[in-house]
Amino acid sequence: MKLRTRMPARLSASVALALSLTAGVAVTAAPTASAAEAPCVPRVYYTVNTNATNFRTGPGTGYASKGLLYRGDWGKKIATKGSWIKLRLGQKSRTGLPKNSTGWIAKRLAYDCVPMQLD
C-alpha cells in the first residue's frame, strides 16, 4: 500500500522552483489562491477603502470634485503625484460616474489590491 502525502501548494511551487534552478530548467509557476483569498494584482489597481471620497480633477484639495467614490469603487492607476493617485475607473461608480472616467484621489483613501474578476 502506497501512502501519499500532500504538500501545500506554495511549498510545492517553492520546491519546483528550487529544483529548476539547480537543474538549469525554467519552470513557470502561477500563484495559487484559496477561496478566502481572492487573486489580485498589487500596485496596479486600487480600491476605495472609505465612503464618500472626492474624485478630483487634479492632485490636490484645491481641484474641483467630479463626484464621489464609495467603498468598493475601483480603478487602474495611471499616474501618481506626491500622495495622490490618478485612477481610470474600472466600472461605473456607485454614484454613477461612467466606466473609464479619470480622476485623482489621495493614496491613503485606497488600497492597492483589487480582486480579479474571473469571467
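In this predicted model, the protein averages a pLDDT of 75, and 58% of the residues score at least 70. Over residues 2-37 the pLDDT is below 50, and this stretch has eleven contacts in the model beyond near neighbours in sequence. Where pLDDT is low, the predicted coordinates should not be read in detail.

The protein contains one helix and seven strands, which follow one another along the sequence in the pattern α-β-β-β-β-β-β-β. Of its 119 residues, 24% count as buried, and the accessible surface comes to about 8,500 Å², with 55% of that area belonging to carbon and sulfur atoms. Among contacts between residues at least 6 apart in sequence, 50% join residues at least 24 apart.

The largest nonpolar core has ten residues in all, namely Tyr46, Val48, Phe55, Leu69, Ile85, Leu87, Leu89, Leu97, Ile105 and Ala110. Strand 1 and strand 5 (84-89) are the elements that give two or more residues to this core, and strand 5 provides the largest share, with three residues.

A search of the whole structure finds one aromatic pair. A pair of aromatic rings is described by the distance of the centres and the angle of the planes. The pair is formed by Tyr45 and Trp74 in an edge-to-face arrangement, with 5.8 Å from centre to centre and 65° between the planes. Tyr45 belongs to strand 1 (residues 45-48) and Trp74 to strand 4 (residues 74-81), so that the pair links distant parts of the chain, 29 residues apart. Tyr45 itself is partly exposed, with a relative accessible area of 26%.

Two residues were examined for their backbone geometry. Most residues other than glycine have a negative phi. Ala52, although not a glycine, has a positive phi of about 60°; this residue lies in the loop between strand 1 and strand 2 (53-56) and counts as partly exposed at 40% relative accessibility. A positive phi, of about 75°, is also found at Asn100, which is not a glycine either. Asn100 is placed in the loop between strand 5 and strand 6 (102-106), and at 47% relative accessibility this residue counts as partly exposed.

Strand 2 includes Thr53, which is buried, with a relative accessible area of 7%. Not counting residues up to four places away in sequence, Thr53 touches Val48, Gly67, Leu68, Leu69 and Leu109. Arg56 also lies in strand 2 and, at 13% relative accessibility, counts as buried. Beyond the neighbours within four places in sequence, the contacts of Arg56 comprise Thr61, Tyr63, Ala64, Ser65, Lys66, Trp84, Gly103 and Trp104. The side chain of Arg56 reaches the backbone oxygen of Tyr63 at 2.6 Å.

Ser65, in strand 3 (residues 65-69), is partly exposed at 36% relative accessibility. Leaving aside its neighbours within four places in sequence, Ser65 is in contact with Asn54, Phe55 and Arg56. Ser65 and Thr53 are twelve residues apart in sequence, and their C-alpha atoms lie 9.3 Å apart in space.

Technical notes
Residues numbered from 1 in each chain as written. Predicted model: local features only at pLDDT ≥ 70, side-chain atom pairs only at ≥ 80, totals over all residues. Heavy atoms only, no water. Helix = DSSP H or I, 4+ residues; strand = E, 2+ residues; numbered from the N terminus. Buried < 20%, exposed > 50% of the residue type's maximum accessible area, 1.4 Å probe, protein only. Contact = heavy atoms within 4.5 Å. Areas by Shrake-Rupley, 256 points an atom, 1.4 Å probe, with all protein chains shown as cover. Phe/Tyr/Trp six-rings, centres within 6.5 Å; stacked < 30°, edge-to-face > 60°. Core = buried A, V, L, I, M, F, W, Y, C linked by side-chain atoms within 4.5 Å. pLDDT = per-residue confidence, 0-100. Polar contact = N/O pair within 3.5 Å; in protein donor to acceptor, adjacent residues only side chain to side chain.
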